[in-house]
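Here are my notes on this two-chain model, as numbered points. Have the structure open while you go through them.

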Amino acid sequence: MKKTEISSEVQAFSTEAEAWFAENTPAYPDFMLPLTFMEVGTDQQFDFLRDWQRKVYEAGFLGAAWPKAYGGGGLSQAHQDAATAVMRKRKVPIMLNAIGLGWAGPLILDMGTEAHKQKYIKNILSAEDMWCQGFSEPEHGSDLGNAQLSAVKDGDEYVLNGSKIWTTHGHYAKYMILLARTNPSSANKYAGLSFFLAPMKIDGIETHKIRKLTGEHGFTQTFFTNARIPADGLMGAEGQGWKVAMQTLMYERNAKGGQAGGTFITENDPLEILELARMAKRGGEPVLKDPIIREKLVEFMIDAQAFRLNAARAQIPPLNQDCPQAIPLMSKLIHTEYTRRINEFALSLQGAKAGYYVGEPNAIDDGYWHRGYLNAFSATIGGGTSQIQRNIIGEHALGLPKTR
Amino acid sequence: MSQFGQIGFTEEQIDVLNGAETFCRDHAPIGTVRALITSDLGYDDKVWAQIGALGWLGIAIPETYGGLGLSLTEVVPVCEQMGRRMMASPFLSTSLAAQALIVGGTLAQKSKILPQIAQGKAASLALSERNQAWDLTRCDVQARRTQGGYVLTGTKTLVLDLEAAEWIIVSANLDQKACLFIVEKEQILETAMRREILIDETKRGWEWVLDGTEITEEACLDKSKMDAAFKHIHLTATLLFAAELTGGAQACIDYTVEYLNTRKQFDKLIGSFQALKHPVVDAFVEYQKARSLLYMAAFNFYKPEQGEVATRMAFVQADKTLSFAADRSIQFHGGFGFTYDCDAHLYRRRAIFNTSQYGDRHYHKTKLADLLL
């Protein structure tokens, strides 16, 4: 097919998406929706978002580039990207099943068996089966390679003992992507790890909700006590768990394509904060007249512009020759830190009203920015903290020696 | 945000980038850069002749005037790569002077001078004065009408490459309005020039006493185009200085990383310590943003409002990046960083100079706030 034909097809698909989302995007409900997939704290939010994801999938705008045989749309990545762009532009509600769509799904399509693909992919897209991720442990967070949850083979099953923590959607999930230790005595800690697709709704697995700094719920600690999972959920060979986990983290850090599409977080638009700055007063004057506030706003606009352009430049090889992997590697660090900082700045614009919190009728935007700031830490900590991200960029992009 | 412009590139730009990368690397190793610092001229005239022969001075000059008929979009990579290697030459000054003529010159001026610049002749601008503070249209230098021309009085400062230039575009007040005039090399009295001591020792700047300089009627640029010319000079300088800063940031980070990868303390390579590693990564992240913004500015430079916003944004980011990267580079080289032999100060000095001439990042952020808020 010629390039022009593809792009006209994609254009048509994009137009179709525009029309569909204009027609079908639900009105904002009478309860607050989560800003990110990590913040689903109530059944009300969960049900609303699950219905929404199913609707988007059934309309063909989610998983459009995944194979038709497994429930995808069988179209090109460009089609899905076009639909995702419409969702981002219209700020439609986020896709709920983020771990499935962004992590487990791409991994299963990359290296799962035919049976795995048949069993899991469609229900990931429809949000019928929720997925969660079992990487961090109470004693091993940033030092993920030292994870200790034990998996012992017994016939055609593995027996799990130990605990995982910060499990987003742990309470709702039917399946987990799990990093477990199959060999406790390997000389190299990484070589003792294996990676599993594991069922959650079985005997021996219990989830305990954890209350977040915002006061909401949103993730769990997950306890495994002689829980038996099928051995055919092993991804890769025993001992290759670290490699597989790193591959999923590459999906998570946007450094590798293959995600089903849709948005998992509501992105801050710097122009949105301008509205806040236009309304806010200080000493009877609009804060927009304050030169320090003006300078800060311009800095945020430059940053927002820069990472939008980084993504575009990453697609232009001649402008990346010195270090092609640099931009994908730093994207998580840049985005999450920006989100944290701009939300924090939004609070400083609110004067005395910054003292209110979600639920207070006098709070500006019902505490949207407060919640945004506190929740922003979930992304600067989760998926490898910003400090770990800097190690990764330093070691992998700049070739600096490892920090141990 | 997309109304601020997309990043893009031209095939010619990539060709120039690849050519400039190799040329500057080969002709400006750090030993040469340091040797030229101590020379009178400040640059290698053989290399300058090669730059002329390569046609880089004519990149943004229209074909009618003997140039390649491209644009500043394709000049940016040259300045970026020269800045990266700290290659000294009158290239930036000459490019700016040519731009002043392209936008503000008369047909006769353009026809006479631009083809010679495209062939490799140097030119410069004399805009700065002691009390000017980055507003190019505030001149104390006066142009007085005489029979058949003008006579200039007053003093210009920080005139880059004055010695090398065949023509200097001088700003002066005529009837209370800033105007641009061409002074030719032969009209400059040697006694009127004093070489200034600049923080960036790779550059050459002069104080120039204009008193009594007589020029003809034809030396005045097109008076109806002065507003556009001053604005164009300001934005072009901002763009090209940003390119130098961005290129410098890349080299400065590379230089620091190399040290962190070889120097040992406490039996470990110091790059393994996060107190050093993380700030270098931060500099690298800022550099990547700077380069994205620079190439966006290069690509959108000629779009009326987008061009100005993009250019100022690119400068703000480039200033922030090299200033930080070079400051940390000095610190992270420890005792060696405090010596003249360490290259870190060369980058820090470059950043201070480049952000002093046409506005620093705070100035450009103020301008951006007025454009955007």
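**Notes on the model**

1. Let's start with how chain A is divided: domain 1 covers 3-125, domain 2 covers 131-252 and domain 3 covers 270-397, with bounds that come from an automatic or database domain assignment. Bear in mind that this is a predicted model, where local features need pLDDT of at least 70, side-chain atom pairs count only at pLDDT 80 or more, and totals for chains, interfaces and linings use all residues. Residues are numbered from 1 along each chain as its sequence is written, while chains are lettered from A and ligands numbered from 1 in the order in which they are written.

2. Between domain 2 and domain 3 of chain A, the C-alpha centres lie 32 Å apart. Six residues from domain 2 of chain A and eight residues from domain 3 of chain A make the contact (two residues are in contact if their C-beta atoms, placed from the backbone, lie within 7 Å). On the domain 2 side there are three nonpolar, two polar and one charged residues. For these classes, Ala, Val, Leu, Ile, Met, Phe, Trp, Tyr, Cys and Pro count as nonpolar, Asp, Glu, Lys and Arg as charged, and the others, Gly among them, as polar.

3. Chain A as a whole has eleven helices and ten strands; helices (H or I, at least four residues) and strands (E, at least two) are DSSP runs, numbered from the N terminus. Its radius of gyration is 22 Å, close to the 22 Å that the globule rule gives for 404 residues, so chain A is as compact as a globular protein of that length. That radius is taken over C-alpha atoms, and the rule is 2.2 Å times the number of residues to the power 0.38. The C-alpha trace of chain A spans about 75 × 50 × 50 Å along its principal axes.

4. How much of chain A is buried? The share is 44% of its 404 residues, where buried means that 20 or more other C-beta atoms lie within 10 Å of the residue's own, exposed means 12 or fewer, and partly exposed is in between, with C-beta atoms placed from the backbone. Of the chain A contacts with a separation of 6 or more, 70% are between residues 24 or more positions apart.

5. Turning to chain B, the assignment gives domain 1 (2-121), domain 2 (125-225) and domain 3 (227-372). The centres of domain 2 and domain 3 of chain B, over C-alpha atoms, are separated by 30 Å. Here the contact uses 14 residues from domain 2 of chain B and 13 residues from domain 3 of chain B, and the domain 2 side splits into nine nonpolar, one polar and four charged.

6. Chain B has twelve helices and eleven strands. Its radius of gyration of 21 Å agrees with the value near 21 Å that a compact globule of 373 residues would have. The C-alpha atoms of chain B fill a box of roughly 80 × 50 × 40 Å along the principal axes, and 55% of the 373 residues count as buried.

7. Have a look at the strand pairing in chain B. Strand 3 (residues 149-153) and strand 9 of chain B run antiparallel and are joined by four bridges; pairing requires at least two DSSP bridges. Gly149(B) sits opposite Thr216(B). In strand 9 (residues 213-216) of chain B, Thr213(B) and Ile215(B) form the covered face, whereas Glu214(B) and Thr216(B) form the uncovered one.

8. The largest nonpolar core has 160 residues, and Ile168(B), Phe181(B) and Leu294(B) touch the most other members. A core here is a set of buried Ala, Val, Leu, Ile, Met, Phe, Trp, Tyr and Cys residues joined through C-beta atoms within 7 Å. A second, separate core of 69 residues includes Trp103(A) and Phe224(A).

9. Finally, the two chains meet through 37 residues of chain A and 35 residues of chain B. On the chain A side, helix 8 (291-313), helix 9 (326-348) and helix 11 (386-397) each supply at least two residues, and helix 8 of chain A has the largest share, 15 residues. By class, this side of chain A has 24 nonpolar, six polar and seven charged residues.
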